[in-house]
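Please report on the pockets, the cavity, the ligand site and the backbone of this model.

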Amino acid sequence: MYEETAAFIRNLYPGKDPVPLHEPFFGGNEKAYVNDCIDSTFVSSVGQYVDRFERMIGETTGAKFAVATVNGTAALHAALRVGGVEANDEVLTQSLTFVATANAIAYCNTLPVFIDSDRQRLGLSAEKLADFLQTQTVMKQDGFCYNRRSGRRIRACVPMHVFGHPVQIDRICDLCAERNIIVVEDAAEALGSLYKGKACGTFGKLGIFSFNGNKTITTGGGGMIVTDDPKLARRAKHLTTTAKQSHSWEYEHDAIGFNYRLPNLNAALGCAQMEQLDRILREKRLLADTYRNFFEDRPETFVTEPDDSSANYWLNTLLLPNAQAKARFLQALNRKGILCRPAWKPMHLQSIYSRCEHDGAANAVWLYERIVNLPSSAGARCNPSS
Ligand SMILES: *Cc1c(COP(=O)(O)O)cnc(C)c1O
């Protein structure tokens with residue numbers, strides 16, 4: 001079964017066995033910058049590559065400020081704290097996400113509340129968010145939004161752009177603004193994705209990216225907080241660098257901060273990767289076109305961007321007809337050395353988060369039963385005319 005599909009994918013990545021789901025693409029100054037960084041001896045917490053990498057992310061996304069962090073999870077944790085999330089608050093997010101989204105919320109000693117997904121866009125459903133806010137919450141005298149059932153303050157909402165497909169972020173931001181809920185965009189997977197021409201990650205009060213080894217570009221490990229608010233940017237830098245007050249030699253700290261800064265060595269890799277972002281995005285779109293054509297008259301549905309969005313196609317995604325078909329597809333392709341993967345088990349079904357409130361998340365389960373991710377590394381040998 002799936003002989004043709006396996007052969008087709010194998011052909012895209014000649015010489016790869018197995019064909020990985022997503023591997024880094026190093027085609028530029030990676031070695032030169034990393035060597036330069038080593039020669040300078042500034043490999044750790046001080047150095048020019050960090051500033052340069054932050055500037056590059058700011059320029060590409062249009063965010064006014066960017067603060068580099070040691071990984072995307074740390075970026076999200078710090079962004080939530082900087083955004084004003086406090087212990088015992090609640091934070092809304094989607095059930096169908098990578099566990100790091102929920103974990104970062106839990107690190108703040110807050111409870112995630114899981115909202116359903118949008119079947120077309122894969123991420124947080126604006127519709128379901130509106131339903132939840134309308135029926136389950138109330139505004140109080142203090143100007144904050146409260147969960148009627150739990151009595152807790154809902155301080156933030158974390159929409160996640162699944163596999164680089166933008167959510168309806170303008171509507172989500174409007175719904176949250178009406179209720180004084182801050183939006184922290186988990187754009188870990190969405191570097192280079194646009195919604196209505198604007199970069200994912202730059203709609204919320206704060207946004208974050210990840211540069212883990214399997215993401216669109218990589219620093220080995222790394223993350224970034226972006227914001228247009230200079231005060232939040234300053235606080236983010238402060239909190240992620242042990243909250244040390246600036247002084248030439250004294251060690252005085254005005255908060256329990258974090259050691260979340262990105263080493264210069266990783267930033268050097270990031271600068272070289274950013275120089276190739278356009279090329280990587282171009283190649284990934286070409287690959288998406290190639291997959292789309294191939295699956296056009298097959299039982300699997302290739303997930304494409306809606307008209308208002310430009311996805312980065314970080315991971316190309318199929319919807320299988322049902323859970324049995326998904327299992328068969330995964331088994332057949334993986335057996336043939338094509339490393340396809342399912343979506344994450346939804347958070348409300350994970351034992352660690354099973355006691356958290358959720359809205360049923362029926363679409364999240366529907367998607368989980370059908371999603372398969374295809375090998376998606378840049379550098380595939382595509383034939384756009386085929
Ligand atoms: C990768 C990822 C993260 C975490 O990033 P790390 O750099 O691996 O810590 C967070 N959220 C989502 C949705 C991710 O895909």
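## Backbone features

Proline 18 lies in the loop between helix H1 (3-12) and helix H2 (30-40). Helices (H or I, at least four residues) and strands (E, at least two) are DSSP runs, numbered from the N terminus. The peptide bond that joins aspartate 17 and proline 18 is cis, with omega at about 0°. Threonine 41 is found in the loop between H2 and H3. Its phi is near 70°, a positive value in a residue other than glycine.

## Basis of the model

This is a predicted model: local features need pLDDT of at least 70, side-chain atom pairs count only at pLDDT 80 or more, and totals for chains, interfaces and linings use all residues. Residues are numbered from 1 along each chain as its sequence is written, and side-chain values use heavy atoms, with hydrogens and water left out.

## Largest pocket

About 460 Å³ of space lies in the largest pocket. Its lining has 29 residues, and Phe98, Glu189, Asn214, Lys215 and Trp314 are the closest to the pocket centre. A pocket is found on a 1 Å grid over the protein atoms alone, as an open set of points with protein on both sides within 12 Å along at least five of seven lines; a cavity is a set of points where a 1.4 Å probe fits but cannot get out. Lining residues have an atom within 4 Å of a point. Grid points are joined across faces, edges and corners, and a volume is the space filled by probe spheres set on the points.

Helix H4 (72-82), helix H5 (99-107), strand S10 (206-210) and strand S15 (341-342) each supply at least two residues of this lining. H4 gives the most, with 3 residues. By class, the lining of the largest pocket holds 13 nonpolar, 12 polar and 4 charged residues. Ala, Val, Leu, Ile, Met, Phe, Trp, Tyr, Cys and Pro count as nonpolar, Asp, Glu, Lys and Arg as charged, and the others, Gly among them, as polar.

## Ligand site

The ligand sits in the largest pocket; the criterion is that more than half of its atoms lie within 2 Å of the pocket's grid points. H4 and H5 are the elements that give two or more residues to the shell around the ligand. Of the 14 residues around the ligand, Gly72, Thr73, Glu189, Ser210 and Lys215 come nearest. A residue counts as near if one of its heavy atoms lies within 4 Å. The shell divides into 4 nonpolar, 7 polar and 3 charged residues.

The protein covers 92% of the 380 Å² of accessible area that the ligand has on its own. Accessible areas come from the Shrake-Rupley method with a 1.4 Å probe.

Residues that line it include Ser45, Asp51, Glu54, Lys237 and Arg261. Helix H3 (residues 48-61) gives the most to this lining, with 3 residues. The classes here are 4 nonpolar, 3 polar and 4 charged.

The structure holds 1 cavity of 30 Å³ or more. The largest cavity has a volume of about 40 Å³. It is lined by 13 residues, with His22, Glu23, Pro24, Phe25 and Thr216 nearest its centre. Its lining has 5 nonpolar, 5 polar and 3 charged residues.
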